[in-house]
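The tour below moves from the whole chain to individual strands.

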Amino acid sequence: MSISSKGLHITGIDDRRYWNHIPTDESRFHSIAYLQQTWWFEVDGEVEFPFPAGSYSVFFRLQLGRSSKRFGRRICNSEHIHGWDKKPVRFQLWTSDGQHARSQCTLNEPGKWFHYHIGDFNVENSNSSTKIKLTMTQIDCTHTKGGLCLDSVVIYPSKYREKLQQKGFLRC
């Protein structure tokens, strides 16, 4: 399951001084949210779905730097990346049946899309819907941060987390 950046609540998304929606072929949704600069970084999401019984992993799909194509080749502009090395980004998720997971990670590898692991949850009863709330924050107002692309939130069966790690796409 995937939730596009447009399906998430992003603090400041309506102010073009901070965020822009950018068309791209690097997203299955053909659009990403690009953070130019902010003091207060907060992204929230929520989904309710009747997941089959099993274990699931939840990720934010992020990239530092803004990609484009020049002469048919992919390039990544990293000049606006700043502030992510000061403090880690915090990820959290909660489920309707009381499960909670948290992680944190310093964002420091520009130019590649990575899956940042928020946490895992288990579904035992596939006859009812599971509600998931998730957040990603970096709320230290002593410095600005910018140059981040947000594509989506993805939910995979947990067995796929190992495949992401083997391919080098997993962080945290």
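In what follows, Lys and Arg count as positive and Asp and Glu as negative, while His and the chain ends are not counted. The place of a charge is taken as NZ of Lys, CZ of Arg, CG of Asp or CD of Glu. Select these atoms to begin: the chain has 23 positive and 17 negative charges, and their mean positions lie 6 Å apart.

The model is predicted: local features need pLDDT of at least 70 and side-chain atom pairs count only at pLDDT 80 or more, whereas totals for chains, interfaces and linings use all residues. Residues are numbered from 1 along each chain as its sequence is written, and side-chain values use heavy atoms, with hydrogens and water left out.

**The whole chain**

Next, display the chain as a cartoon. Along the principal axes, the C-alpha atoms fill a box of roughly 50 × 40 × 25 Å.

Of the 172 residues, 44% are buried, meaning under 20% relative accessible area with a 1.4 Å probe, protein chains only.

**The open sheet**

Now select β2, β5, β12, β9 and β10, which in that order form an open sheet with antiparallel pairing; two strands pair if DSSP finds at least two bridges between them. Strands β2 (9–10) and β10 (100–105) are at the edges with a single partner strand each, so one side of each is left without a neighbour in the sheet.

Within this sheet, focus on β5 (residues 41–49) and β12 (residues 130–138), antiparallel strands joined by nine bridges. Where does E46 stand in relation to β12? It is opposite K133.

**Strand β11**

Finally, select residues 114–123, strand β11, where eight of the 10 residues are buried. Strand β6 (residues 54–64) runs antiparallel to β11, with nine bridges between them. Strand β14 (residues 170–171) runs parallel to β11 and is joined to it by two bridges. End the tour at Y116: this residue is the bridge partner of F60, and Y116 also stands opposite R171 in β14.

Note on methods. Buried means under 20% relative accessible area, exposed over 50%, partly exposed in between (1.4 Å probe, protein chains only). Helices (H or I, at least four residues) and strands (E, at least two) are DSSP runs, numbered from the N terminus.
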